[in-house]
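Please examine the model shown below.

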Amino acid sequence: MSSDQPSAVVLVSGGLDSMISAALARESGHRIFALSIDYNQRHQVELAAARRIASALGAVRHVILPIDLSAFGGSALTADIEVPKDGVGAGIPITYVPARNTVFLSLALAWAEAAGARSLFIGVNALDYSGYPDCRPEFITGFERLAELATKAGVEGEAFRIHAPLQHMTKADIVREGTRLGLDLGLSWSCYDPTPAGTHCGLCDSCRLRHKGFDDAGVTDPTIYAVTPPAP
């Protein structure tokens with residue numbers, strides 16, 4: 001990539017959605033500065049997936065930033081709380097990490113301003129997801145306004161754009177988009193509660209939604225599950 005191309009800070013968790021979001025950032029001509037957060041999450045294996053994805057997409061730089069949200073707890077991903085395995089229910093699930101996307105986007109914004117980037121990419125989705133409030137379109141719009149108010153660049157008229165290219169896609173749409181982009185979707189990781197053998201559990205919300213996406217898209221799921229995921 002040429003240094004005169006626009007730069008974007010891209011949140012790369014290691015999951016399927018963040019992988020497609022990053023690939024779309026690349027397709028739109030951005031130099032990728034990949035940011036992954038090691039928040040002492042239960043599924044640390046996703047950071048290995050993030051490394052694979054950042055490398056495969058040719059990121060200019062990949063930062064894995066440690067910030068231990070387990071010090072606060074409040075989620076099955078950051079505390080000694082069992083990950084639900086009985087399907088996607090109503091309401092906000094216990095796998096919600098308090099204010100996670102607000103924290104992550106704030107860190108991405110800080111790097112973007114320091115690096116001279118004015119675009120941020122995040123793979124949030126408001127259709128086939130688990131009901132997290134920080135995946136909604138109004139959250140993205142609100143944070144974009146916050147970025148304008150909270151930064152030197154924003155005050156000086158250099159607006160930041162928060163790109164959420166998967167916002168209104170189904171999980172099947174996302175799988176199809178990954179296939180169109182020619183990506184190895186098996187590089188990504190979705191499971192919230194990996195087995196001791198290092199496979200996807202097959203029963204958590206994230207496994208169920210992932211498998212359904214492949215099934216609905218008519219694309220072979222490359223994921224190894226401990227058990228075949230039932231319907232969400």
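Ser7 lies in strand S1, which spans residues 7–11; helices (H or I, at least four residues) and strands (E, at least two) are DSSP runs numbered from the N terminus. The model is predicted, so that local features need pLDDT of at least 70 and side-chain atom pairs count only at pLDDT 80 or more, while totals for chains, interfaces and linings use all residues. Residues are numbered from 1 along each chain as its sequence is written, and side-chain values use heavy atoms, with hydrogens and water left out.

With a relative accessible area of 12%, Ser7 is buried; this term means under 20% relative accessible area, whereas exposed means over 50% and partly exposed lies in between (1.4 Å probe, protein chains only). The side chains of Ser7 and Arg31 are joined by a polar contact of 3.1 Å. Such a contact is a pair of N or O atoms within 3.5 Å; within protein, one must be able to donate a hydrogen and the other to accept it, and residues adjacent in sequence count only if both atoms are side-chain atoms. Leaving aside residues up to four places away in sequence, Ser7 touches His30, Arg31, Phe33, Ala117, Arg118 and Ser119, where contact means heavy atoms within 4.5 Å.

The sheet is open and has five strands in the order S3-S2-S1-S4-S5, with parallel pairing; two strands pair if DSSP finds at least two bridges between them. Strands S3 (61–66) and S5 (161–163) stand at the edges with a single partner strand each, so one side of each is left without a neighbour in the sheet.

Five bridges join S1 to S2 in the parallel sense, and Leu11 has Leu35 in S2 as its bridge partner. Between these two strands the chain passes through helix H1 (residues 16–27), and this β-α-β crossover is right-handed: with the strands pointing away from the viewer, the path from the first strand over the helix to the second runs clockwise.

Strand S2 (residues 31–38) pairs in parallel with S3 over six bridges. Here Ser36 stands opposite Ile64 in S3. Of the eight residues of S2, seven are buried.

Elsewhere, His200 is found in the loop between helix H6 (171–180) and helix H7 (205–217). His200 is buried, with a relative accessible area of 3%. The side chain of His200 reaches the backbone nitrogen of Ser190 at 3.0 Å. Beyond residues up to four places away in sequence, His200 touches several residues, among them Trp189, Cys191, Arg210 and Tyr225.
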